[in-house]
Amino acid sequence: MTRLARYFPIPTVATCNAFWTQAIPCRLASMARVALSFAALVWSLQWLFQGPKWLADGGPLELATVSQLLGFEATMSLTDSVAAMRPSLLVALTSPTAITAYAVASAVGCLLVLLGIGGRAIVAVTWVMLLGWSHRVAGLTGPGEDLLVGLFPYLLLDPGKIDSPWRPAFSDAGNRWTSGLAVRCLQVHLALWMATTALSHASGLVWWQGESVWWMASAGRAIGIDAASLLSRTYLGNFLSHLWWLSLLVACIGWIVPQIRGWSWIGWLMYGAGLTLFAGDWFYGLVACVTSILISPWMVVEDQQEA
Amino acid sequence: MATEATSNQPRWTRWIGPLAMVHFSLIALALSANLSPSALQSQLLQWFAPYLRTANWELGQVPLELTQGNELEGPFRVEVLTSDSPAGEWSEYPWSSLNLQRPLRDRFAKQFAFLGIQQEEAGFALATSLAKAYPQRLPALKSLRVLRLPTETREEWIYRQEGLEATAPEVCFEADAVRLGPDEISWVPRQESRRSSRSLQKPSP
């Protein structure tokens, strides 16, 4: 009976809480905050340059057009966007100047979060602004943007703490249970994302046949790799395709097995590099690289002290 | 991670574990329903939409798989025909004037192409928006179309290099601009079987 209980432990509320609310150094939460807010800053800066032309009146994604795309009979209002459960302050902004101001405010918010200024209030405001982009630019967000916006709210649990914005953000050595909760939530969400992505790849035969890189090169998505260059190198194309998917599988398995968790980090980094080089989605690649900090050796080193 | 006694935590933290389990069950539901949700998953997502959709945790068919080797993945290209183009040749829409990054531009073109294939009304709205965002050349704009360029398997590509078979791009959307006034535009589809002419919104001054 004891042996059975050892192999099939039944989680209790107490063991669950021990997992989620373990006190850890809050510099770990700060590291996550800096990484995520950096990617969010890059995303906001992108919209600073392209948002006014695309989203303002007269742009390809002006509000009237997006409303029609989303199935509204008339141009949607802020209330409509809330009722549709896709609230966005950008719905109320239609002039290029207003959208530029929103992009600047969004970028400043990300910068403040990165520097650790303003605590939870600034994190909350910045998250709402990022959600605004995501909900407003229907159809133009990709996996990277969705992963980033999905992870950001966990920073509200513990935005980290620094003595001064001009000092390194990781200087705080205190332990807090809220830091543990934030980091656990980020890690579990990322693990679910990685597992879903790995399983999604299994739905395409090209991943099994080792032709995914060829397919993307043929579609003109791969950066610096054209289909002709892969033509005489069949094995190379197969190798890159298999390695790319394998790196994601290693990232998933490595995260589950503590002894090889370092490989999880390497795997996710390699997958991120592939996203940029083969899929041509540099922003998703960037998000993969910055989120890799959540499963990096720095976190693992702390984990081993637990044993 | 360094362990520390948790006795100094507030009493309400005992609810955190169960709440986190519920939250991540919903996240797992949203992620697993991304590719092709079952009827049950769709219904559950509908129930939890106020929580999942509002916070952008419900993805809505984001291509996590990156590629499935499906021809419908594109690439897509938006082209324009202007009255001053040499020999009536189509040219790619001048995206550089709109500052859009490549991945976002591809997603936009894909969305446009699907609307064209499904003969959706919103396809004309996108065509008008693109026409309006093309202000310097707008008077010269005659037609607009979206092409799906052929994506080939390795074997098909080899055949094409040997001149045995050439795959033609597929036209997903193609319409001629009809000017109803100096600032009003209408579209007439080139393939009459697809749809009829529709008046579109008057551009703002």
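# Group meeting talk: a two-chain predicted model

Let me begin inside chain A, where the buried residues of helix H15(A) are A:Phe283, A:Tyr284, A:Gly285, A:Val287, A:Ala288, A:Val290 and A:Thr291. By buried I mean that 20 or more other C-beta atoms lie within 10 Å of a residue's own, while a residue with 12 or fewer is exposed and one in between is partly exposed, the C-beta atoms being placed from the backbone. Helices (H or I, at least four residues) and strands (E, at least two) are DSSP runs, numbered from the N terminus.

Please keep in mind that this is a predicted model, in which local features need pLDDT of at least 70 and side-chain atom pairs count only at pLDDT 80 or more, whereas totals for chains, interfaces and linings use all residues. Residues are numbered from 1 along each chain as its sequence is written, and chains are lettered from A and ligands numbered from 1 in the order in which they are written.

Let me stay with H15(A) for a moment. Seven of its ten residues are buried, so this helix is largely enclosed by the rest of the structure. Which elements do the buried residues of H15(A) pack against? They pack against H3, H8, H9 and helix H14 (261-277) of chain A, together with helix H4 (102-117) of chain B. Contact here means that the C-beta atoms of two residues, placed from the backbone, lie within 7 Å.

In general, two packed helices are described by the angle between their axes and the distance between the axes. For H8(A) and H15(A), the axes come within 7 Å and cross at roughly 35 degrees, where axes are lines fitted to C-alpha atoms, for helices over the stretch in contact, and angles run from 0 to 180 degrees between N-to-C directions. On the H8(A) side the residues that meet H15(A) are A:Pro143, A:Gly144, A:Glu145, A:Leu147, A:Leu148 and A:Leu151, and on the H15(A) side they are A:Phe283, A:Tyr284, A:Val287 and A:Thr291. By class, this contact has seven nonpolar, two polar and one charged residues, where Ala, Val, Leu, Ile, Met, Phe, Trp, Tyr, Cys and Pro count as nonpolar, Asp, Glu, Lys and Arg as charged, and the others, Gly among them, as polar.

Not counting residues up to four places away in sequence, A:Ala182 touches A:Ala29, A:Ala32, A:Tyr154, A:Leu155, A:Leu157 and A:Asp158.

Now for chain A as a whole, which holds 16 helices and two strands. Its radius of gyration is 22 Å, close to the 19 Å that the globule rule gives for 307 residues, so chain A is as compact as a globular protein of that length; the radius is taken over C-alpha atoms, and the rule is 2.2 Å times the number of residues to the power 0.38. Buried residues make up 53% of the 307 residues in chain A.

How many residues does each chain bring to the contact between the chains? Chain A brings 72 residues and chain B brings 62 residues. Helix H9 of chain A, residues 177-201, supplies the largest share of the chain A side, twelve residues.

Chain B has six helices and six strands, and 30% of its 205 residues count as buried. Strand E3 (residues 141-148) and strand E4 (residues 170-181) of chain B pair in the antiparallel sense over six bridges, pairing requiring that DSSP finds at least two bridges between the strands. Within E4(B), B:Glu174 stands opposite B:Arg145. Six bridges also join E4(B) to strand E5 (residues 184-189) of chain B, and these two run antiparallel.

Finally, B:Glu58 lies in the loop between helix H3 (49-52) and strand E1 (76-82) of chain B. Is B:Glu58 buried or exposed? It counts as buried, because it has 24 C-beta neighbours inside 10 Å.
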